[in-house]
Structures are given as C-alpha cells and as structure tokens.
Amino acid sequence: MSQAHAHNSHGSVKSYAIGFLLSVILTAIPFWMVMSGALTKQATFIGIFTFAVVQIIVHLKYFLHLDFSKEGKLNSISFLFTGMVIVLLVGLSIWIIYTADALMMR
C-alpha cells in the first residue's frame, strides 16, 4: 500500500472537527428535550430516536470513514453485511426462544 493511499483513507482535522461538532449538537438537543420537558413523552422518544439514528450516520461517515466512494465501498458493504448478520442472529434467536416458550406453555 502506498503512502498516498494510506493518507487518503484517513480524515482531515477539518472533517474530524465537523464530526465532533455535529456529535455534540446531536447529543445536546435530545438532552435539552428531556431536561426541559417541553414535549410530550411520545414526541421526546421519537426525537431521541431520530437524533440517535442521525448521530450513528455521522459517526459512520466522519469517524469510521464509511461511504460508497470507490475506496470505501468494500468497507461499507462489509459493515452492512455484518449488521445484517447480527440482526438476523439476534432476531431469529428471539423468535426461536419466543416460539419454544409458546409451544411449551400449551
């Protein structure tokens, strides 16, 4: 691997600063939502969930450098495949346990 390619795979100080600033903002807003009590419980929950998803995307882009550019496509696809396997493993395990419990209670 050449030095130029290794250097391009990491973010700049500017991109890390943008990611950090976005992370702080995306943490402060839900914190304010809970502490102020200005919204209903359902609206607060939806807001926290929405900001959490956005913050995950910010972390994936700015800190883990996952994107679908030519260089990052393989890493992004590997990450998505790993996530799919985890979701299937956990989801199907819960389904099997729930079904076994329901059948044993009959």
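Q: How exposed is Phe63, as a relative accessible area?
A: Quick ground rules: this is a predicted model, where local features need pLDDT of at least 70, side-chain atom pairs count only at pLDDT 80 or more, and totals for chains, interfaces and linings use all residues. Residues are numbered from 1 along each chain as its sequence is written, and side-chain values use heavy atoms, with hydrogens and water left out. Buried means under 20% relative accessible area, exposed over 50%, and partly exposed in between (1.4 Å probe, protein chains only). Phe63 lands in the partly exposed class, at 29%.

Q: Is the pair of Tyr16 and Phe63 stacked or edge-to-face?
A: Rings of Phe, Tyr and Trp (its six-membered ring) pair if their centres lie within 6.5 Å; planes under 30 degrees apart are stacked, over 60 edge-to-face, and the rest tilted. A search of the whole structure turns up one aromatic pair. For Tyr16 and Phe63, the centres are 6.1 Å apart and the planes sit at 15 degrees, so the pair is stacked.

Q: How many residues apart in sequence are the parts that this pair ties together?
A: Helices here are DSSP runs (H or I, at least four residues), numbered from the N terminus. Tyr16 belongs to helix α2 (residues 13-36), while Phe63 is in the loop between α3 (41-62) and α4 (73-104), so the parts tied together are apart in sequence by 47 residues.

Q: Which residue has its charged end over the ring of Tyr62?
A: A charge sits over a ring if NZ of Lys or CZ of Arg is within 6 Å of the ring centre and within 35 degrees of the ring normal. Over Tyr62, the charged end is 5.2 Å from the ring centre, and it belongs to Lys61.

Q: Which residue other than glycine has a positive phi near 55 degrees?
A: Look in the loop between α3 and α4. The positive phi belongs to His65.

Methods: Helix = DSSP H or I, 4+ residues; strand = E, 2+ residues; numbered from the N terminus.
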